[in-house]
Amino acid sequence: MRESKPRHPPAPTIWVGNIPWSADELSVENTFGRYGPISRVKIPKDLETGRSRGVAFVEFETVDAATRALRASQERGISIDKRPVRVDFAAAARGSKPGRRERGTSAAGGRY
């Protein structure tokens, strides 16, 4: 499930695909926290069912930390709850303005 080349340019946020339905923000943060400080973890939910969409977005404090996570995924693979996940740099959000950030805390306790 490893990809050899990222589809998007380096960014501090990574996209994590194929996460197990049981994964929550804390388990994702625990898995990726070894690569650097995390600002935020987001697991999008289906609006009708409330169930995870099977992806997560992990925002690191630096591009270097996100790059370390991507490289680890490519070199040896990363699993959450024994399920291999796919990792790529996240695409820039549509309509996003550089430098704008919300302030708050993630469910996993990280600040963003």
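Does Ala-69 count as buried or exposed, and at what relative accessibility? At 0% relative accessibility, Ala-69 counts as buried, because buried means under 20% relative accessible area. The model is predicted. It covers a protein of 112 residues, of which 41% count as buried. The points below go from the overall layout to single residues.

**Overall layout**

- The protein has 2 helices and 5 strands.
- Read from the N terminus, the elements follow the order β-α-β-β-α-β-β.
- The protein exposes about 7300 Å². Carbon and sulfur atoms supply 47% of that area.

**Helix H1**

- Helix H1 spans residues 25–32 and is mostly covered. Of its 8 residues, 6 are buried.
- Those buried residues are Glu-25, Ser-27, Val-28, Glu-29, Thr-31 and Phe-32.
- On the strand side, the buried residues of H1 pack against E1 (13–17), E2 (38–42), E3 (55–60), E4 (78–80) and E5 (83–89).
- They also pack against helix H2 (63–76).
- Val-28 is one of the buried residues of H1. Leaving aside neighbours within four places in sequence, Val-28 is in contact with Ala-23, Val-41, Ile-43, Ala-56, Val-58 and Ile-80.

**The largest nonpolar core**

- The largest nonpolar core has 23 residues.
- Ile-14, Val-28, Phe-32 and Phe-60 have the most contacts inside this core.
- Two or more residues of the core come from each of E1, H1, E2, E3, H2, E4 and E5.
- Helix H2 gives the most to this core, with 5 residues.

**Ala-69 in helix H2**

- Ala-69 lies in helix H2.
- Not counting residues up to four places away in sequence, Ala-69 touches Ile-14, Phe-32, Tyr-35, Phe-60 and Ile-78.
- Among these partners, Ile-14, Phe-32 and Phe-60 also belong to the residues with the most contacts inside the largest nonpolar core.
- Ala-69 and Gly-33 are 36 residues apart along the chain. Their C-alpha atoms are separated by 9.1 Å.

**The second largest pocket**

- About 160 Å³ of space lies in the second largest pocket.
- Its lining holds 11 residues. Nearest the centre of the pocket lie Arg-7, His-8, Trp-15, Asp-88 and Phe-89.
- E3 and E5 are the elements that give two or more residues to the lining of this pocket.
- E5 gives the most to this lining, with 3 residues.
- By class, the lining has 6 nonpolar, 1 polar and 4 charged residues.

**Two loop residues with positive phi**

- Asn-18 lies in the loop between E1 and H1. Its phi is near 70°, a positive value in a residue other than glycine.
- Asn-18 has a relative accessible area of 18%, so it counts as buried under the 20% cut-off.
- Asp-81 is placed in the loop between E4 and E5. Asp-81 is not a glycine either, yet its phi is positive, at about 50°.

Notes:
Residues numbered from 1 in each chain as written. Predicted model: local features only at pLDDT ≥ 70, side-chain atom pairs only at ≥ 80, totals over all residues. Heavy atoms only, no water. Helix = DSSP H or I, 4+ residues; strand = E, 2+ residues; numbered from the N terminus. Buried < 20%, exposed > 50% of the residue type's maximum accessible area, 1.4 Å probe, protein only. Areas by Shrake-Rupley, 256 points an atom, 1.4 Å probe, with all protein chains shown as cover. Contact = heavy atoms within 4.5 Å. Core = buried A, V, L, I, M, F, W, Y, C linked by side-chain atoms within 4.5 Å. 1 Å grid on protein atoms, 1.4 Å probe; cavity = no way out; pocket = protein on both sides within 12 Å on 5 of 7 lines; lining within 4 Å. Points joined across faces, edges and corners; volume = space filled by probe spheres on them. Nonpolar A, V, L, I, M, F, W, Y, C, P; charged D, E, K, R; others polar.
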